[in-house]
Amino acid sequence: MSVDAASQVVLVSGGSKGLGLAIVEDLLASGRTVITFSRKSTPDIERLAEAFQGQFEFFTGDLEDESFPQQAVARVHNRFGRLDALINNAAVAFDGVLATQ
């Protein structure tokens, strides 16, 4: 069964800024329903929530919590009945050699 791209439900991890935000904005512009999460909201997330009501959802979460990925997918499935695509953009960063050089 094929799903029309404009009717797809897509979960993007780490979509509040940078590359993740660009991915979210592109998916929304193509008509997809987008759900994203990050550790905190941003003004850009608030702007998208206002502009794409019913097509966009944001919630906070941290991938350092081992149970969170399963909770995120369950939340999307409970809200929309399906998940057509996952874009795993979030990362856990630690200050260290590369961050301090």
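## The sheet

In what order do the strands of the open sheet come, and is their pairing parallel or antiparallel? In this predicted model, the 4 strands line up as E3-E2-E1-E4, and the pairing is parallel. That puts E3 and strand E4 (85-88) at the edges with a single partner strand each, so one side of each has no neighbour in the sheet. From one strand to the next, the twist averages 15 degrees.

Take E1 and E4: they run parallel and are joined by 4 bridges. Ser 13 sits opposite Asn 88 in E4. As for H1, this helix packs on the sheet and touches E1, strand E2 (33-38), E3 and E4, with its direction at about 170 degrees to that of E1.

## Two helices side by side

Helix H1 (residues 18-29) also packs against helix H2 (residues 43-51), at an angle of about 10 degrees and with the axes 12 Å apart. Angles under 35 degrees count as roughly parallel, so H1 is roughly parallel to H2.

On the H1 side, the contact comes from Leu 21, Val 24, Glu 25 and Leu 28; H2 brings Asp 44, Arg 47 and Leu 48. By type, that contact has 4 nonpolar residues, 3 charged and no polar.

## The cores

The largest nonpolar core has 11 residues, including Val 10, Leu 21, Val 34, Ile 45 and Phe 58. E1, H1, H2 and strand E3 (56-60) each give two or more residues to this core, and H1 supplies the largest share, 4 residues.

Val 34 touches Val 10, Val 12, Val 24, Leu 27, Leu 28 and Phe 56, among others. Apart from this core lies another, of 8 residues, among them Val 9, Ile 35, Phe 37 and Ala 72.

Key
Residues are numbered from 1 along each chain as its sequence is written. This is a predicted model: local features need pLDDT of at least 70, side-chain atom pairs count only at pLDDT 80 or more; totals for chains, interfaces and linings use all residues. Side-chain values use heavy atoms; hydrogens and water are left out. Axes are lines fitted to C-alpha atoms, for helices over the stretch in contact, and angles run from 0 to 180 degrees between N-to-C directions. Angles under 35 degrees count as roughly parallel, over 145 as roughly antiparallel, 65 to 115 as roughly perpendicular and the rest as oblique. Contact means heavy atoms within 4.5 Å. Ala, Val, Leu, Ile, Met, Phe, Trp, Tyr, Cys and Pro count as nonpolar, Asp, Glu, Lys and Arg as charged, and the others, Gly among them, as polar. A nonpolar core is a set of buried Ala, Val, Leu, Ile, Met, Phe, Trp, Tyr and Cys residues joined through side-chain atoms within 4.5 Å. Buried means under 20% relative accessible area, exposed over 50%, partly exposed in between (1.4 Å probe, protein chains only). Two strands pair if DSSP finds at least two bridges between them. Lists of a residue's contacts leave out its neighbours within four places in sequence.
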